[in-house]
Amino acid sequence: GSNVLIQNNTVTRNRPGIETYYGSPVITRNRIAQNIDFSTLYGSAIRVDIGPNLSGPAPTITFNTIESNTAVGATIWFRYGGTQLHNNNIFNNTAPFELYLLNPSGSSQDPSGGTIDATNNFWAENDQRAIEQKVFDFLDTFGIQHGRVTPNPFLTSLVSQAPSPTTSVPAPTVLAPELSGTIRGILTSDLTLRAADTPHTLADNLLVSPGVTLRLEPGVVLKAERDKFIRVDGALIADGTTSAPIRFTSNAATPAAGDWGGLMFTDSSTDAQFDTSGRYVSGSVLRNVTFEYGGGIFIRDSFPLIEASTFRFSTSPSRFTDQNIQSYRLGVLTGWYLSSSDPSKTLSILNSRFEDNTQGAIAIGVEAALIKRGLILIQGNSISRNNGGGIFLNRSGLEGRVEANTIDNNGGPGVRVQ
């Protein structure tokens, strides 16, 4: 790769504006405008592909004015972290995201640890939340395929050392103040949502870190903004009562199936624990819960307790699945076991209602190459009026019992085993 200096250029009406592979260029004092992307995956103004020259400094993008570029995906696109992005004017571009960081930390191409330092740029915004909405990174997916962008602190006036823009600076985005009880981001210490403060709002994606517990008191209502979801790497304890159930729902004025992103329990989440009599004592649980208008619940190599709850008006958790399980996104509650799990544990889905969901109700599968990966107990549930099937059990490694359920009037097989 080249360590070239790109400066004092006017780069307009190209596909894209500037594209760099492997090198460590310095891109400075350019006006980059009216460029378009040639693919939905890449940037219109600047595309930094493959990553920095591992034997040289990180690429630097500084003192540029980046305006009026058009893209389906992003204005500035990075495959890996490591680039320094400072003192730029970035506004009046049409892409959904100004910055998009694709690949994960730990890559051999990425000694930065998967981060983009995007501090001290002018975004024509004065609210940190508005800038975060213009950046796509780990906080948007909590998936290993994306690294982190750090856009804060940011500038609140034009960078005078950059080329003068030819378009007017737009008015900043006005966002409503966040209410008390709002949750978002990465939870690094235990948190209890109190019934006395309900309703609470899931304003952005929430990651419950390993070893951390998010607890919802009986009677709590958690309203989620559009597409936002909770990933559980620790413990989620939503243990309501018959008189004070817990409700996960949409914050939309007119809610619809799939409004919010749903729940994901990963293989590091805390499994439900039971005493010798089989009574729940600790760990992740959804009991006496109503889950509605969400993007489903995905359980991956983990064993929360699901009991006495209602799952309705929701879609399947397709956002959390990968290519191995695309064909089996059939249930509002989808479980998949791809790696080693404790074969002595049981995923218990008990005495719950699954009704009026846009796809199936329950879908559980095991990777074909694995043998027994825990037991499945689906017992005493009412499963009705789902557009897909009732219960779908996939792959020979799956062991369990399906008993005493009422499965009625669904759009697919009541029970399918393959």
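## Briefing: cores, ring pairs and backbone details

F91 and F122 are both buried, where buried means under 20% relative accessible area, exposed over 50% and partly exposed in between (1.4 Å probe, protein chains only). This is a predicted model: local features need pLDDT of at least 70, side-chain atom pairs count only at pLDDT 80 or more, and totals for chains, interfaces and linings use all residues. Residues are numbered from 1 along each chain as its sequence is written, and side-chain values use heavy atoms, with hydrogens and water left out.

**The chain overall**

- The chain has 2 helices and 41 strands; helices (H or I, at least four residues) and strands (E, at least two) are DSSP runs, numbered from the N terminus.
- Of the 418 residues in the chain, 52% are buried.
- About 17300 Å² of the chain is accessible surface, and 48% of that belongs to carbon and sulfur atoms; accessible areas come from the Shrake-Rupley method with a 1.4 Å probe, and for residues only the protein chains shown count as cover.
- If you look at contacts (heavy atoms within 4.5 Å) between residues at least 6 apart in sequence, 68% join residues at least 24 apart.

**Nonpolar cores**

- A nonpolar core is a set of buried Ala, Val, Leu, Ile, Met, Phe, Trp, Tyr and Cys residues joined through side-chain atoms within 4.5 Å.
- The largest nonpolar core has 44 residues, and L236, F248, L263, L286, I297, I349 and F354 touch the most other members.
- Strand β35 (residues 360-366) gives this core its largest share, 4 residues.
- Another core, of 21 residues, lies apart from it, with A45, F78, L85 and L101 among its members.
- Leaving out residues up to four places away in sequence, L236 touches L214, L216, F248, L263, F265, G283, S284, V285 and L286.

**Aromatic pairs**

- A search of the whole structure finds 11 aromatic pairs; rings of Phe, Tyr and Trp (its six-membered ring) pair if their centres lie within 6.5 Å, and planes under 30 degrees apart count as stacked, over 60 as edge-to-face and the rest as tilted.
- F91 and F122 make an edge-to-face pair, at 6.0 Å centre to centre with 75° between the planes.
- This pair links distant parts of the chain, 31 residues apart: F91 is in strand β11 (residues 89-91), and F122 is in the loop between β13 (115-117) and α1 (128-132).
- Y293 and F313 are stacked, because their ring centres are 5.3 Å apart and their planes are at 25°.
- Y293 lies in the loop between β28 (289-292) and β29 (297-300) and F313 in the loop between β31 (310-312) and β32 (331-337), so the pair ties together parts that are 20 residues apart in sequence.
- Y293 counts as buried at 18% relative accessibility, whereas F313 is partly exposed, with a relative accessible area of 29%.
- F248, W260, F291, F311 and F354 are linked by ring pairs into a cluster.

**Backbone details to look at**

- Most residues other than glycine have a negative phi, and most peptide bonds are trans.
- The peptide bond from N152 to P153 is cis, with omega near 5°; P153 sits in the loop between β15 (148-150) and β16 (182-187).
- A cis peptide bond also runs from T198 to P199, with omega near 5°, and P199 is in the loop between β17 (191-193) and β18 (200-208).
- N351, a residue other than glycine, has a positive phi near 50°; N351 is in the loop between β33 (346-350) and β34 (353-355) and counts as partly exposed at 46% relative accessibility.
- D356 has a positive phi near 60° and is likewise not glycine; D356 lies in the loop between β34 and β35 and is partly exposed, at 27% relative accessibility.

**A buried aspartate and a surface patch**

- D271, in the loop between β24 (262-265) and β25 (273-274), counts as buried because its relative accessibility is 12%.
- Not counting residues up to four places away in sequence, D271 touches S282, G283, S284, S302, F303 and K345.
- V402, V415 and V417 form a nonpolar patch on the surface, with about 250 Å² of accessible area together.
- V417 belongs to strand β41 (residues 415-417) and is exposed, with a relative accessible area of 63%.
- V417 and F392 are 25 residues apart in sequence, yet 6.0 Å apart in space, C-alpha to C-alpha.

Methods. Patches are made of residues with over 30% relative accessible area and no salt bridge: like charges are joined within 9 Å, nonpolar side chains (Val, Leu, Ile, Met, Phe, Trp, Tyr) within 5 Å. A salt bridge is a side-chain nitrogen of Lys or Arg within 4 Å of a carboxyl oxygen of Asp or Glu.
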